[in-house]
Amino acid sequence: MQKLVKMVSHLLVVWLVALCFASPAAAKLSTTYYQKTCPNVEQIVSDVVTSKQITTPTTGAGALRLFFHDCFVGGCDASLLVSTNAFNRAERDADDNISLPGDAFDAVVRAKTALELQCPGVVSCADVLALATRDLVLMLGGPHYAVRLGRKDAFASTAASVAGHLPSPNMTMDQLISLFEKNKFTVQEMVVLSGAHTVGFSHCSEFASRIYGFNGADRDAHDPALNPRFAQALQKACANYVEDPTIAAFNDVMTPGKFDNMYYQNLLRGLGLLASDTALTADPRTKSFVQLYAANQTAFFEDFSHAMEKLSVHGVKTGRKGEIRRRCDEFNNLST
């Protein structure tokens with residue numbers, strides 16, 4: 001009985017601490033937010049994105065990247081979905097977002113369109129993106145996690161707001177940790193969110209410096225942290241990347257279409273594609289977490305779920321601080 005009391009007390013303390021650190025806006029979100037106004041919201045989104053993923057298998061990885069880029073710049077408010085207009089160059093046209101895949105945007109637009117037919121003017125684009133990302137992770141074999149709802153869509157979206165807010169492949173570990181800490185994420189949460197690289201691909205330009213003329217050496221010199229055979233295969237695959245910048249390689253060469261812990265196993269074998277990936281195994285602050293997730297997929301899934309729940313409420317807008325867009329790619333007031 002005493003053990004049970006202690007366990008309940010511990011859980012209560014954890015809950016109270018989490019509540020204290022939750023933002024006032026995030027505290028207003030709820031998994032039942034649309035229970036009366038649009039009760040089938042989750043099923044509608046799921047049906048649409050499932051169809052999209054079956055038709056275009058790269059959609060899931062694209063949505064994950066889209067969601068992260070949206071949340072880390074001003075919060076999870078669908079500002080990234082807005083298109084540039086005559087009055088404004090939008091977030092999605094910033095240099096760091098140019099390569100985001102169109103299929104991920106399309107999945108959200110389709111889901112929003114379906115919702116507008118059933119529940120016009122009720123569900124925000126920010127909520128659609130959060131739900132779509134969760135459902136697509138699940139479709140790829142990843143974990144299910146709760147998505148609290150009630151976000152509002154941003155009133156602003158500017159390309160100028162993006163610089164310095166997103167991680168880049170060539171950042172040092174100090175820079176990466178600093179960026180995540182600035183957004184209230186721990187080193188472990190940074191490592192577990194990096195596990196999203198278990199799906200998707202990266203363009204050759206993002207890792208070319210690792211496979212050609214590394215550190216100013218001859219053309220065939222590659223980063224010694226890379227498995228030699230892997231480096232040689234990448235050199236061949238990316239040979240024409242300057243002429244064709246669309247050439248890319250899978251982030252996870254072993255199971256590229258499956259959400260699993262293979263990404264971490266690959267890192268320990270010298271099969272990390274990006275410099276920022278490989279750096280996770282070299283730094284003592286992060287290496288132990290890589291080893292943990294490489295050995296234990298259950299731990300990875302549990303921690304990834306918690307990190308995604310936290311990410312999904314990062315910087316959310318509620319009440320009058322946002323709107324419910326009629327279309328995800330434009331503000332209700334077009335002069336914005």
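## A tour of the salt bridges

There are 13 salt bridges in this structure, a salt bridge being a side-chain nitrogen of Lys or Arg within 4 Å of a carboxyl oxygen of Asp or Glu. You're looking at a predicted model, where local features need pLDDT of at least 70, side-chain atom pairs count only at pLDDT 80 or more, and totals for chains, interfaces and linings use all residues. Residues are numbered from 1 along each chain as its sequence is written, and side-chain values use heavy atoms, leaving out hydrogens and water.

**Stop one.** Select glutamate 42 and arginine 134: their side chains meet in a salt bridge, 2.9 Å from N to O. Glutamate 42 sits in helix α3 (residues 41-55) and arginine 134 in helix α6 (residues 125-139), so this pair ties together parts 92 residues apart in sequence. Helices here are DSSP runs (H or I, at least four residues), numbered from the N terminus. Is arginine 134 buried or exposed? At 3% relative accessibility, arginine 134 counts as buried, while glutamate 42, at 33%, is partly exposed. (Buried means under 20% relative accessible area, exposed over 50%, partly exposed in between, with a 1.4 Å probe and protein chains only.)

**Stop two.** Now pick aspartate 106 and lysine 52, whose closest N and O atoms are 2.8 Å apart in a salt bridge. This pair links distant parts of the chain, with aspartate 106 in helix α5 (residues 102-118) and lysine 52 in helix α3, 54 residues apart. Lysine 52 is buried at 5%; aspartate 106 is partly exposed at 24%.

**Stop three.** Finally, select Lys52, Asp103, Asp106 and Arg110 together: salt bridges with shared partners join them into one network.

Terms used. Helix = DSSP H or I, 4+ residues; strand = E, 2+ residues; numbered from the N terminus.
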